[in-house]
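Hi,

Here is the structure I promised to pass on to you. Have a look at it first, and then read my notes below.

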Amino acid sequence: MSDLRRILLVDDSAQDVELALAAFEENGLSDRVVVARDGQEALDYLYRSGKYADREEELPAVVLLDIKMPKIDGLEVLRRLKSDPDMQALPVVMLTSSREEVDLVESYNTGSNAYVVKPVDFNEFVESMKEIGIFWAMVNEPPYIQG
Amino acid sequence: MRRSLAAALACSYVVLLAILAVNAAVSLRNASDLVARDTAMRHGLDVELALADLRRSLQEAENGWRGYLLTGDRAFAQPGDVLLERAQTDARSIRKWSAGDPVQTARAASLVESTDDLVRLLDSSLSPHHGVAPRVPWRRALVPERRCEDRLRDLSAQMTADQERSVAALAQAADTSAATTRQRALAAAWCGAVAVTAGYLLLRALLVDRGRAERKIRRLNEELEQRVIERTARLAAANRELEAFSYAVSHDLRAPLRHIAGFAELLKKRAASTLDGATARYVDNIIRAAQHAGRLVDDVLEFGRLGRSELRDAEVDLNDVVSGVRAQLAAETEHRDIEWSIARLPAVRGDATMLRRAWQNLLSNAVKYTRGREHTEIEISCRPVGGEMIFAVADNGAGFDMAYADKLFGVFERVHRSDEFEGTGIGLAHVKRIMERHGGRVWAEGALDRGATFYFTLPCSRCKEIEDVRSAAHSACG
């Protein structure tokens, strides 16, 4: 379909957002990226509530979710999405600094589709974002969600 | 305190036993004395009776003879014979019964002798010559007989008197003996009672003491348990703190490092044209520093995690592990001339992740420190020695000064400069920790610029035998 499949990036850190966008830009994926600055915004976007009440476009092809965020953290967003039968098929990739086992276990147990640790090396990061973006937004067939 | 109580208790028991033993001995002796005395008394009475009987016999015999002498009638004499026989028997009995007393024995012997003499004399004097009674005037007759009779009578009287005296003495002795026995029995009973009471008191004291000691022990035990619980709780809390710390570090320390590295890269890209050599180098340094810090953080976190984690034992084929690690190092080894000599390694029981990490560190070190060589040789071997399997990773690289051999395995310790060889100095510390967790040891040998060999051991109990080293393993690992 012609409608550009989007990537929802959820991260509270301005620097991380900037780096991620720069990474996506290097791969020509930056116009697909929608940014939410915390868990609440992410949910607002997905559920067409709050400031995204008038969201026109389709649901994103994938949600790149940071874990450590204020108010509603990444794991809570994940839990809410995966416990909602309407949203649970939506692909979610945890994109985070930490490789702590507790986060890893919790994420997968709650139903995340993948868990990616952001590397310190920027070039590696660029490479990862390219692979993730291309896979989820282009290669993968998104689930059919009435959104 | 307890020892003296126990000793006193033992003493009182010994005393009690002694009293009982002495009492028993004395009682037994008294009993046998009693029996002896009783027998003696009975004999004494028998002797008295016999003597009386003897006298009577003699008297009746004498009467008989008198009659015979007066009348010449044999019939008077006859009973006399029987009586004399009785007298002889009596005399002999008396002798028998007087066996105990030497004086009486002597007298009894005389008695027997005299009785026999009398019988003989009478026999010869009075026996009829062919049925004719001798006509002897009795006053003048039987003088020797009469003398014998007198002797007999005296002896008899003496013996009787003696006998009465001795019987009386025996009776007296019996009385005193009874009195003494009663006294002794009472005394023994008293002592026994005292000893038993003493024993009881001591025993009670001992038990009280023991009870006190037991309560003390129980209280100490409870205190100890309490302390253990507290300490465990404190340890658990410390552990949790460490976990929380590690978690925070994981998130919060990595992020800024990523930002530094990321923006520096972007800066380099954006301003590539305007950056001169030095400036570009500065930016590179920033990037490298940030990346190094990132690796340090990773290493420290893993080191901490390793310390806290449980060993998850599984069967690990070290050949697979080594192949896997080599594949991981492919990027670095691709364009290099590396000769690998890898012996067939055993399967071991251990934590797969940890063992893989250890091999990763060892092999990446080997690859790294041989970078300066045109032709790199890396040899992996193992051999069983004693109760252990010794593994070795040998390279022909930069080596190290043996003087710093013990620093090698320290945390963040390095024996090379970072501009010579990069690294965080934690790789070997990891290996050491991992092997020690598995019950092994590590050490290294090397020489500057002549390569290094890193050894680690695993106990044979963790190793399974393999074909190539089977015979050797049999003899050493048994």
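**Starting with one aspartate**

The side chain of A:Asp11 reaches the backbone nitrogen of A:Ser13, at 3.0 Å. Please keep in mind as you read that this is a predicted model.

Where does A:Asp11 lie in chain A? You will find A:Asp11 in the loop between β1 (7-10) and α1 (14-26). Is A:Asp11 buried or exposed? The cut-off for buried is under 20% relative accessible area, and A:Asp11 has 4% relative accessibility, so it counts as buried.

If you leave aside the neighbours within four places in sequence, A:Lys118 is one of the residues in contact with A:Asp11.

**Chain B on its own**

Now turn to chain B, which has 478 residues, 38% of them counted as buried. Its secondary structure consists of ten helices and seven strands. Take the contacts in chain B between residues at least 6 apart in sequence: 75% of these join residues at least 24 apart. Chain B exposes about 27,500 Å², and 56% of that comes from carbon and sulfur atoms.

**Where the two chains meet**

How many residues of chain B are in contact with chain A? There are 22, and they touch 23 residues of chain A. The area buried between the two chains is about 2,000 Å², with carbon and sulfur atoms giving 56% of it. On the chain B side, the residues that lose the most area to chain A are B:Tyr247, B:His251 and B:Arg258, which together make up 32% of what that side buries.

Three salt bridges are counted between chain B and chain A. To see a salt bridge between the chains, look for the side chains of A:Lys68 and B:Asp252, which meet at 3.2 Å, N to O. Nine residue pairs are in polar contact between the chains.

Which helices of chain B each supply at least two residues of the side that touches chain A? They are α4 (143-270) and α5 (277-308). The largest share comes from α4(B), with 16 residues. Sorted by class, the side of chain B that touches chain A has eight nonpolar, seven polar and seven charged residues.

Enjoy exploring, and write back with any questions!

Best wishes

Conventions:
Residues numbered from 1 in each chain as written. Chains lettered and ligands numbered in written order. Predicted model: local features only at pLDDT ≥ 70, side-chain atom pairs only at ≥ 80, totals over all residues. Heavy atoms only, no water. Helix = DSSP H or I, 4+ residues; strand = E, 2+ residues; numbered from the N terminus. Buried < 20%, exposed > 50% of the residue type's maximum accessible area, 1.4 Å probe, protein only. Contact = heavy atoms within 4.5 Å. Areas by Shrake-Rupley, 256 points an atom, 1.4 Å probe, with all protein chains shown as cover. Buried area = accessible area lost by both parts, 1.4 Å probe. Salt bridge = Lys/Arg side-chain N within 4 Å of Asp/Glu carboxyl O. Polar contact = N/O pair within 3.5 Å; in protein donor to acceptor, adjacent residues only side chain to side chain. Nonpolar A, V, L, I, M, F, W, Y, C, P; charged D, E, K, R; others polar.
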